[in-house]
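Thank you all for coming; I would like to take a few minutes to walk through one model with you.

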Amino acid sequence: MQLTDFQSIIAELSMALAGFSGLVMGIKVSRNNRWNAQDRLGLGLILFTSANAMFFALAPEALVAAGLDAGTTKFTLNLALAAIITASCVLSAVSSVRSKPRYPWSFWPLWGTGFVLSVCLAWTTFTRSAADFLPLVLIWLLIVAFAQFFTFLVLTWEHNRP
């Protein structure tokens, strides 16, 4: 499998996940008739990670097709993604002090993995290393979105128990 095929699959999964998440949240909200802060944050997290996975999976090929240099495109997009994930990890860690995560046993390992991957992506981009962390970062984005989606499913099932 070539990298472009992999990136197309990531983009397709991202869009499917965002759509299903909206559907699940619609069902959950219609039964409870309310949105709480954690639901809004969770849906925002799914949409944010899915959109970033889709954008950074499709953008390199699109920008190169538009005539930009492949090396410059990869350098710029990898650093942008590393900066976005690093900032998101820092902000989520700070916000978790005020609002405790629903499932800390999944939040903190995913947080730590994302932080390490973003630092590795930035490092390998700056040093022009042969290692490419972009595929791992894209997979991590989907794992975070799927973990939140699974949380919504579990919460929906728990509320439907007699």
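Predicted model: local features only at pLDDT ≥ 70, side-chain atom pairs only at ≥ 80, totals over all residues.

Residues are numbered from 1 along each chain as its sequence is written, and side-chain values use heavy atoms, with hydrogens and water left out.

Let us start with the fold. The protein has 5 helices and 0 strands, where helices (H or I, at least four residues) and strands (E, at least two) are DSSP runs numbered from the N terminus, and the pattern read along the sequence is α-α-α-α-α. Of the 162 residues in the protein, 36% are buried; by buried I mean under 20% relative accessible area, by exposed over 50%, and by partly exposed anything in between, with a 1.4 Å probe and protein chains only. If we take the contacts with a separation of 6 or more, residues 24 or more positions apart account for 76% of them, a contact being heavy atoms within 4.5 Å.

Now, which residues have the most contacts inside the largest nonpolar core? This core has 24 residues, and the ones with the most contacts inside it are Leu81, Ile85, Leu121, Leu138, Trp140 and Leu141. A nonpolar core here is a set of buried Ala, Val, Leu, Ile, Met, Phe, Trp, Tyr and Cys residues joined through side-chain atoms within 4.5 Å. At least two residues of this core come from each of helix 1 (3-32), helix 2 (37-65), helix 3 (70-98), helix 4 (104-126) and helix 5 (134-159), and the largest share, 7 residues, is supplied by helix 5. Trp140, leaving out residues up to four places away in sequence, touches Ile85, Leu110, Thr113, Gly114 and Leu117. Apart from this core lies another one, of 6 residues, including Leu17, Ile46, Ala145 and Phe149.

Let me turn to the largest pocket, which has a volume of about 780 Å³. The search uses a 1 Å grid over the protein atoms alone, and a pocket is an open set of points where a 1.4 Å probe fits, with protein on both sides within 12 Å along at least five of seven lines, its lining residues having an atom within 4 Å of a point; the volume is the space filled by probe spheres set on the points, which are joined across faces, edges and corners. The largest pocket is lined by 30 residues, and Leu41, Leu45, Ser92, Phe107 and Gln148 lie nearest its centre. Helix 2, helix 3, helix 4 and helix 5 are the elements that give two or more residues to this lining, and the largest share, 8 residues, comes from helix 3.

Staying with helix 3, we find 29 residues that reach 42 Å from the first C-alpha to the last, close to the 42 Å expected at 1.5 Å a residue, where the expected span is 1.5 Å times one less than the number of residues. Among the buried residues of helix 3 are Thr73 and Asn78. Is Asn78 buried or exposed? Asn78 is buried, with a relative accessible area of 5%, and beyond four places in sequence Asn78 touches Leu121, Thr125, Asp132 and Leu134.

Finally, please find Arg128, in the loop between helix 4 and helix 5. Arg128 has a positive phi of about 55 degrees although it is not a glycine, and Arg128 is exposed, with a relative accessible area of 59%. Leu47, in helix 2, counts as partly exposed at 42% relative accessibility, and Leu47 and Ala18 are 5.8 Å apart in space, C-alpha to C-alpha, while 29 residues apart in sequence.
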